[in-house]
Amino acid sequence: MTVKNFEIIEKPIEVDHIIRKVEDRNAGAINTFIGTVREMTKGKKTLYLKYDAYIPMAEKKLAQIGKEINDRYADAKVAITHRIGALEISDIAVVIAVSTPHRADSFDASRYAIERIKEIVPIWKKEHWEDGEEWIGDQLENNAYPLGVPKEEDVIDD
Amino acid sequence: MIKILLFAELEEKTGKRELSVSMEMTVEEIRKKLLKDYPHVTGLASAMAAVNEEFADESVKVRQGDLIAFIPPVSGG
């Protein structure tokens, strides 16, 4: 079986497994970002989340982010796994591992990856609260758009 | 046949993950047809479109055997 560096899975993510994918003798750093399910958002208590994805396209877009990182940071190795399905508080939703020859690049590339995931990867989360549920509608996790259209001040140029 | 995929809020409000149309149309025309069939699903108007798993402009012609997906604002991570 070939190792997939960019994956959407339904089972719990094993962090060590993702890290191993980017190990390299010329790496001086491996930066690992772990995104977890938060309980309180702006005073609202999340009971659990549900993630859904357009899996084949999401894996393609994760691979594209990996390529963008390779174009920006020399000799970087990238692996990203995102989990979908029902997740509970503190569960790991995403793991990004980046190895680079020098530490600064690994921090920057890891940050770059998570921000890009929130822009271009077709994955959606639905928050379930005590008093309701809603698909979260933007990449900054701050606002849902009940009308499906962001208000003008919410549109980011970048 | 052209397969149409809907996700998240769009899937929930239409009650459909998958639809199809038989005629070749542009992305814009498919979007308009869906908005006519599901006028309460306002998110269809602003969702991005992807043809064969790549983001596509409104003018792109969707051909027989193609797959078009409507992608509401994403919230992964």
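Start by selecting chains A and B together: in this predicted model, the two bury about 2,300 Å² between them, with 53% of that area on carbon and sulfur atoms. Next, pick B:E53, B:V74 and B:G77; these supply 29% of the area that chain B buries against chain A, more than any other three residues. To show the whole contact, display 32 residues from chain A and 25 residues from chain B.

Now look at the polar side of the interface. Residue pairs in polar contact between chain B and chain A number 15, counting residues at pLDDT 80 or more, and 4 salt bridges are found across the interface. For one of them, select B:E12 and A:K126, where the closest N and O atoms are 2.5 Å apart.

Colour chain B by element. On its side that touches chain A, two or more residues come from each of α1 (8-14), α3 (43-46), β5 (54-56) and β7 (67-71) of chain B. The most come from α1(B), which gives 5 residues. By type, this side of chain B divides into 11 nonpolar, 7 polar and 7 charged residues.

Move to chain A and select its open sheet, 4 strands in the order β1-β5-β7-β2 with mixed pairing. At the edges are β1 (6-9) and β2 (29-36) of chain A, each pairing on one side only. From one strand to the next, the twist averages 10°.

Zoom in on β2(A) and β7 (residues 92-100) of chain A, which run antiparallel and are joined by 8 bridges. Here A:T32 has A:A97 in β7(A) as its bridge partner.

Helix α3 (residues 103-120) of chain A lies across β2, β5 and β7 of chain A, at about 145° to β7(A).

Note on methods. Residues are numbered from 1 along each chain as its sequence is written. Chains are lettered from A and ligands numbered from 1 in the order in which they are written. This is a predicted model: local features need pLDDT of at least 70, side-chain atom pairs count only at pLDDT 80 or more; totals for chains, interfaces and linings use all residues. Side-chain values use heavy atoms; hydrogens and water are left out. Two strands pair if DSSP finds at least two bridges between them. Axes are lines fitted to C-alpha atoms, for helices over the stretch in contact, and angles run from 0 to 180 degrees between N-to-C directions. Contact means heavy atoms within 4.5 Å. Buried area is the accessible area (1.4 Å probe) that two parts lose on being put together, summed over both. A salt bridge is a side-chain nitrogen of Lys or Arg within 4 Å of a carboxyl oxygen of Asp or Glu. A polar contact is a pair of N or O atoms within 3.5 Å; within protein, one must be able to donate a hydrogen and the other to accept it, and residues adjacent in sequence count only if both atoms are side-chain atoms. Ala, Val, Leu, Ile, Met, Phe, Trp, Tyr, Cys and Pro count as nonpolar, Asp, Glu, Lys and Arg as charged, and the others, Gly among them, as polar.
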